[in-house]
Amino acid sequence: MDKRVTYCTDLEKSVIMSNFERRGWVQVGPEDEWNFYWSFTQNCRNIFSIENGYRMNDNQIINHFPNHYELSRKDLLVKNIKRYRKELEKEGNPLAEKTEIVLPSGQVATRYVHLDLIPVTYVLPADYNMFVEEYRKSPQSTWIMKPCGKSQGTGIFLINKLSKLKKWSREAKIPFHPQLSSKESYVISRYIDNPLLIGGKKFDLRLYVLVTSFRPLKAYLFKHGFCRFCTVKYDTSVTELDNMYVHLTNVSVQRHGVEYNSLHGGKMSVQNFRLYLEGTRGRSVTEKLFSDMDWLIVHSLKAVAPVMANDRHCFECYGYDIIIDNTLKPWLVEVNASPSLQSTTHNDRILKYKLIDNIISVVVPPDGIPDARWNKIPSTEALGDFEVLIDEELIEKEDTNSRCNRNIRSR
Amino acid sequence: MGKYDHLTERGDEEKLYLLCFVWDEPKWEFAHLPLQVKNLEQLRKEYPEWASGEPLLGAIPECNGASGLGPLGTERTALGARVTALRYAPVAQEFLKRGSPHCLRAGLWAQVLGVEVTAQQTAYFNQLKRNVLEVDLMIDKLIFKDVQLTASNDDQYFVFEDLLYQVMLCFSRDGEVLQQLKGSIGNALTVTIKGKQTSPESVTVFPPSGIIPFHGFSMYATPFCYLYDEPVQLYYTFRAFYIRYWHRLHYISTHPQGIVSLCLLYERLLEANEPLLWIHFRNININPIRVVFKWLMRAFSGHLPPDQLLFLWDAILGYDSLYILPLLAVAILSFRKENIFQVNTIQNVDAVLADLSTISIVPLLQLALMKP
């Protein structure tokens, strides 16, 4: 049977479609027999919803997990990470080792040594009292408020006084009583006010992580990430707290700044960032930073793995946003389940084209026909510019082999 | 003739035509100039480590990111650390011939160039900064324009623009540059001090460095931003590199390492080793030098990605020679010749050569230098 592979896409962008067309795939609608669906998250959720009754066949794969929001919603991510850490602590895992640190105010606080992935964060209004307790430990600190379900920097603001928070809750007309539930929840995090600066400007990192399975965990890191720079010099003075161009690195914010340059779009490649760091700070600190970032991503995925619906038809490419502080410690800011495929510069277009191309070659088995049953072990060529971050199945296989070998040797 | 060298904001092509106009030569080759240049066989003797085919850093992309150092990288890093500890420039220079691990470059380059940042140096640099703040010069406008048009638009260097402004502005105020380059850059421009009558005592060199910047001048400094993140060390290393090498790329002279000799070397190498390409250029009426001149004049800065560029500049410093520039130019043309044969306009040739981001210069140069 010589059937052509069919695809369906909710996003009519050339960066995606040219990759399908290049492979000779035929476009069909969502109601037809598609083999590969590049969908919006909402449509994916609909397909998986119980009311729908749609059952995917073995030759259909889709680009989202049904409950990806466990990772991509800020409040659920925090909840899952906190749960993950507590579990490791309970089982006495050395990963959950804790230490005491002294805050600038002189007060002492406990932090995880290896699992300090996110800045101290609370979900509001639910954790309001806990937040106030933590806030009082360092009253000089700045906190960042982010709406849980929004993106592109919408609705984010900074506060440095508890009174400002109360003022905001009054003005927003959202009942801010911890007992009352609120539809629009927020997370409030300790603001990283000491970001690593290059050329006096703040930046964050965007890394692409492809996950083809959560249990066993199979995750791949795309080699071409980039740093997004603010167009304005970093300034922690109180007067600039409200200046989004100083603090928020989202391209959607910065592109409206006066200094925005559309040739490079404020984006520097991760490779050049690594080169800069290695040349100016040396190899070992650079290696440590990149290794820490790998672990940060792996831990965040392990944290949600137990609750993710590990449907074999699914894969997902996440956009990880990471901020590095001036002690070269990486912090997870958030995870995007639908990273923007819009291209702001020429280099951007090439990068995103390559990204989609490599995603397809990783998730589709060697014979080129999407198949939910295949073993999901891509060859080195199929990986392209992806690197294996973690493949629990392969680790398991190696462990079994070495155990067998040991048994054989000991006889 | 020296007056035409540092024309501000003129394109490279214009400079070249003016050069020819000055020589009053209807033909557009350098071949008729009475300058001696080496041939490929002689260059093999100049670069024996590259001609021998031995493994060099950068030949295999092993240090490219996450995979960590391979065996060669580890070996070179260990050796390089010992070389750095010796603090002996000739040994450091010898080490650079086989390429330096990136983490050791900053220290090694400084040693080879004799740059040591003492309190005195820092004080001098701060004085230059004060000069910049106190007195505006017309040159400053050129520097701003240059940085804005080049580095600020380049995704590899835009983050460093503040550092570049500092370095380039201070450079223009630095009289020591003029002192050290006396004789190599012709007569510097002098102006009468404002308010005084024209007399030998009331003229001053303008700018104090004796060098008027031009479009692309700051690209001589941009790659150093990947080695030094504070201005003083960056400044002195860049300045030393400029005094030793870069000025030769934009001042016309008969020096064997000057831009004219490099252009001639390029032509000779191309004609002798890629005769079909040479003929192709003649047939489509394109001056071969036109295609690579911008690479030579900027020592490939802004054309090669920084990690490759730094290997190239290792070689310049290690072998104390700029000959590697025309050699690389020919090697790149040779590598892409099949594509060049298929086009017949200058725009299309430029398009074939526009993107050098996939070029690995070390294996390319090794190939060019190894015996057939």
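A salt bridge is a side-chain nitrogen of Lys or Arg within 4 Å of a carboxyl oxygen of Asp or Glu. In this predicted model, E94(B) and K97(B) make such a pair, with their closest N and O atoms 3.2 Å apart.

A search over all chains of the structure finds 36 salt bridges. One of them joins K267(A) to D348(A), with 2.9 Å from N to O. This pair ties together distant parts of the chain, since K267(A) belongs to strand β15 of chain A and D348(A) to helix α11 (residues 346–363) of chain A, 81 residues apart. Both partners are buried, K267(A) with a relative accessible area of 9% and D348(A) with one of 2%. Another salt bridge connects E392(A) with K302(A), where the closest N and O atoms are 3.3 Å apart. Here, too, distant parts of the chain are linked: E392(A) sits in helix α13 (residues 392–410) of chain A and K302(A) in helix α10 (residues 283–304) of chain A, 90 residues apart. E392(A) is partly exposed, with a relative accessible area of 26%, and K302(A) is also partly exposed, at 27%. Beyond such pairs, D204(A), R206(A), R228(A) and D321(A) are linked in a network of salt bridges.

Attention now turns to the meeting of the two chains. There, 23 residues of chain A are in contact with 25 residues of chain B. The area buried between chain A and chain B is about 2,100 Å², and carbon and sulfur atoms give 56% of this area. On the side of chain A, H264(A), L275(A) and R283(A) lose the most area to chain B, together 27% of what that side buries. One salt bridge is counted between the two chains; it pairs E161(B) with K201(A), whose closest N and O atoms are 3.5 Å apart. Four residue pairs are in polar contact between chain A and chain B. Which elements of chain A each supply at least two residues of the side that touches chain B? They are β14 (226–233), β15 (267–269) and α9 (270–281). Of the elements on this side, α9(A) gives the most, with eight residues. Sorted by class, the side of chain A that touches chain B holds six nonpolar, nine polar and eight charged residues.

Within chain A, four strands form an open sheet with parallel pairing, in the order β2-β1-β3-β4. The edges are held by β2 (26–27) and β4 (61–62), each of which has a single partner strand, so one side of each is left without a neighbour in the sheet. Strand β3 (residues 36–38) of chain A pairs with β4(A) over two bridges, and F36(A) has I61(A) as its bridge partner in β4(A).

Elsewhere in chain A, strand β10 (residues 186–190) is largely enclosed by the rest of the structure, because five of its five residues are buried. It pairs in the antiparallel sense with strand β7 (residues 121–124) of chain A over four bridges, and L124(A) stands opposite Y186(A). Strand β8 (residues 143–147) of chain A also runs antiparallel to β10(A), joined to it by five bridges, and K146(A) stands opposite V187(A). In strand β12 (residues 201–214) of chain A lies T212(A), which is buried with a relative accessible area of 5%. Among the residues that T212(A) touches are F65(A), Y220(A), C314(A), F315(A) and K376(A).

Chain B has 19 helices and two strands, and 54% of its 372 residues are buried. Of the contacts in chain B between residues at least 6 apart in sequence, 74% join residues at least 24 apart. Helix α14 (residues 288–297) of chain B is largely enclosed by the rest of the structure, because eight of its 10 residues are buried; F293(B) and W295(B) are among them. After α14(B) comes A299(B), with a positive phi near 50°.

P101(B) lies in the loop between α5 (89–96) and α6 (102–112) of chain B. Is P101(B) buried or exposed? With a relative accessible area of 7%, P101(B) is buried. Leaving aside residues up to four places away in sequence, P101(B) touches L57(B), R76(B), T77(B) and F95(B).

Technical notes:
Residues are numbered from 1 along each chain as its sequence is written. Chains are lettered from A and ligands numbered from 1 in the order in which they are written. This is a predicted model: local features need pLDDT of at least 70, side-chain atom pairs count only at pLDDT 80 or more; totals for chains, interfaces and linings use all residues. Side-chain values use heavy atoms; hydrogens and water are left out. Buried means under 20% relative accessible area, exposed over 50%, partly exposed in between (1.4 Å probe, protein chains only). Contact means heavy atoms within 4.5 Å. Buried area is the accessible area (1.4 Å probe) that two parts lose on being put together, summed over both. A polar contact is a pair of N or O atoms within 3.5 Å; within protein, one must be able to donate a hydrogen and the other to accept it, and residues adjacent in sequence count only if both atoms are side-chain atoms. Ala, Val, Leu, Ile, Met, Phe, Trp, Tyr, Cys and Pro count as nonpolar, Asp, Glu, Lys and Arg as charged, and the others, Gly among them, as polar. Two strands pair if DSSP finds at least two bridges between them.
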